[in-house]
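Welcome to this tour. Open your viewer, keep the selection box handy, and follow along one stop at a time.

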Amino acid sequence: MDVPMFVLFGIDIIRFLIDLTTVYALYLIVSLTLNLEAGFSGIPNFGKVMFVAAGAAAAGSVSGRVAAIVLNIDTHGDYNGFIASIIPNIDKALSQNILLSVELMVLGVVLAAVVGAVLGFVASYPAIRLREDYLGMLLLAAAQLFQIFLGGYQPLIGASQGIEVPDVFIWAETGIEVRDVAVLLLVGVFAILVYFYVERVARSPLGRTLRAIRDNEVAARALGKNDAAVRRNVIIVASAISAMAGALLTFYVGAVNAETWTRITWTFWIWVMVIIGGAANNAGVALGAFSFTFLFKTVDLVKFYFQGYIPFDVNWLEYLMFAALLILILAYRPGGILPEKSSATLPWRTIAQIVQSESSSPNVSALLSTPAEKIDQTEKPG
Amino acid sequence: MLSPHPNRSQRTRQRILVLAVLAIIIVFIAELVVDYFLRPVIPPYLLDTIVYASLFGLMAMGLTLTYITTKVPNFAYGSFVTVGIYTSYSLLRVNHINPYVSAPLAFVLGGFSSVAMYLIVLRLLARRGSSLVALMISTLAIDIAFIGIFGIYSDYLTSLYRLIDSKYFIALSATPGTDFSLYGLPGLLYVAPISLAAIAAGLYLLLTKTRFGIAMRASVENPSLARILGIDVERTYVFAWWLAGGFAALSGTYYSLWLPGGTSAGSNLIVEVFAASVLGGLASIYGAALGGLIVGASEILLTQAGAELFGSWVEIYQKGVPLVIMVVTLLLFPHGLVSVSWRGVPHSAAQSFRSMLTRLTRTFRARGGN
């Protein structure tokens, strides 16, 4: 069974859409977690790439090794050195064994989440102690170091050459592109779950606490909110989810490489998405991530047609374009496309109904000085 | 540190810092001279130490200048270093101009790109009431834009002058006749520390002895009060940014002589430069110079020591040294070296010296009396 082809202007539209949506879902996950940190809680995470890359590296390096042990494949004591002969063997076995594939994938993703959470916990130590400018510097520098470490430490993911990763979706390869549809389904469902989770957090009392801490730390503390613990938990959760996204990307691409994880690709682009869309507004961030991914992928697609006419690589223009876009948005529409809305509370009518139904209890009726009918009237002024 | 009318202890502290910078540089040069006479071969890491220390001292001074004026960590600062790297690279490869000769031009170009960034982006955003995080992300955006510009520029060099190494090139001193040699050592070993010493001393004179320098300090310390006194605060900030970009580009020129360069060579130095500035306290330019010396030197020396103790795998973690310094500084004494109380040290030393003298004179007098 193949995915049908639909070619327009020499572009396979369906293949393009599958790729676009998968990348969008991954970017959406990471940008939503950045929104949780930077948008809602005011933690300027300028080291986002570190957490995503940690998940990718953990999943990429461990899943293959575990598969080699389980399938009894000889690694000659040097997994990274013989990877070119090991991975095809693993893939051959995995194409017959759906259960093992799923187990490997779950193992990779869970491991990534744990690694991300641990890194997040470590990062929370300075994050709850430092001012935002110092914290930004520290996280940026830490991410830079992590990238150097990934690119230099051979045993983990093969340093600068990178390593291949077992294809845990190979069982789905029953026709052209079917594997990619399977990946898309998985990543898409995960992205939707993350969206609903983040949205639920934002609307909950916890979400209001986050905004309170962001806007006025002292006042929040005076109201008895434990700002340090809340911040720490936010960073841990956000880092764990971003690391899971990194692991999923690794399984999708089928390789992990230190060059992928730069300050530009997984910190700056993510910030662009959050700021274009609207910080502290999940729908806005989803829109921002989509606008960014769509622009980015479309430029990727059409740049080959321009390559002959422009004496330089079009990628560099992308850098300039998105940097300029970000600065213009910051200057002229600082809230983004969909700015932050005030916290969603229940409408007056609903509150009035609750009050009416509860007013039989002596406690509530004693507390209320205004009758419910009066509240109902104030809702429609004039 | 930069108060317009420093009291005695502040002035003492400033002088101590400047003297410390000069002293470390003199120690470096003395060590070179001693090594030259005592050892048959000077180990290369020692040369690296001197160059790294001086360059990071220069860069950290510039970064701190931008921080004290705008109070925004400037993530685009590394790109000003790349401006210097590409200036010297293209002038050497295309026009065969020696990097030492093109250094003043690099200084000016770096200064102008820094001023352009300040005037066009940061001031616009600050006037529209952007938050600190927004300003920080805008400097990151500028860094990315600069990398894009360098990319376009290097592609242009490749297509126009057939320079195939324009995206990643080895140290320029590999080209014969680029760096001079003095007493058998590369010239940069003398030029880099002497530039740092000259700039530190020059800044000290500018900021304490000239009216403009005093106005600059006043604008940093208390902008509104400085405005009331008729100081054009904006002009002093622009000048500070120009100097900062100039220092970065100048160190970029030297950097290109010693180390391989490329489109993001400068941006990747951000760990060291921030570590140096933070160690210096982010408030004092002399502290930053000292921090740069310490960070640059310890990065090489500690890595070397680690490699000798545990094996060469330690070398991957070279950039970890500045990061660790930064973390320790931020968590233990977040206001940097400057905040450590130095005041008592020279005072008590002088006092004990004086009391020793009095005791001696008394003894001598007593003897003379007899």
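Among the elements of chain B, helix 9 has the highest mean pLDDT, 93, and helix 13 (residues 344-369) has the lowest, 65. Helices here are DSSP runs of H or I with at least four residues, strands are runs of E with at least two, and both are numbered from the N terminus. Now select residues 1-5 of chain B: the pLDDT there is below 50, and beyond near neighbours in sequence this stretch has 16 contacts in the model. Two residues are in contact if their C-beta atoms, placed from the backbone, lie within 7 Å. Chain B as a whole averages a pLDDT of 83, and 86% of its residues score at least 70.

A word on reading the labels: this is a predicted model, in which local features need pLDDT of at least 70, side-chain atom pairs count only at pLDDT 80 or more, and totals for chains, interfaces and linings use all residues. Residues are numbered from 1 along each chain as its sequence is written, while chains are lettered from A and ligands numbered from 1 in the order in which they are written.

**Where the chains meet**

Show both chains together. The contact takes 39 residues from chain A and 41 residues from chain B. Which helix of chain B gives the most to the side that touches chain A? Select helix 5 of chain B, which supplies 19 residues.

Chain A has 16 helices and 4 strands, and its C-alpha atoms fill a box of roughly 80 × 50 × 50 Å along the principal axes.

Select residues 13-40 of chain A, which form helix 1. This helix bends by about 25° at Leu34(A); the bend is the angle between axes fitted to the seven residues ending there and the seven starting there. A residue is buried if 20 or more other C-beta atoms, placed from the backbone, lie within 10 Å of its own, exposed if 12 or fewer, and partly exposed in between. Because 20 of the 28 residues of helix 1 of chain A are buried, this helix is largely enclosed by the rest of the structure. Step just past helix 1 to Gly42(A), which takes a positive phi of about 70°.

**A stop in the core**

Bring chain B back and select Ala53(A), Ala141(A), Met59(B) and Ala275(B). Of the 223 residues in the largest nonpolar core, these four touch the most other members. Such a core is a set of buried Ala, Val, Leu, Ile, Met, Phe, Trp, Tyr and Cys residues joined through C-beta atoms within 7 Å. Zoom in on Ala53(A): leaving aside neighbours within four places in sequence, its contacts include Phe146(A), Trp261(A) and Trp266(A).

**Two loops to compare**

Most residues other than glycine have a negative phi. Select Ala280(A), whose phi is positive at about 65° although it is not a glycine. Ala280(A) sits in the loop between helix 11 (263-277) and helix 12 (282-306) of chain A. Is Ala280(A) buried or exposed? Ala280(A) counts as buried, because it has 24 C-beta neighbours inside 10 Å.

Finish at His96(B), not a glycine either, with a positive phi of about 60°. His96(B) lies in the loop between helix 3 (77-95) and helix 4 of chain B. With 10 other C-beta atoms within 10 Å, His96(B) is exposed.

Methods
pLDDT = per-residue confidence, 0-100.
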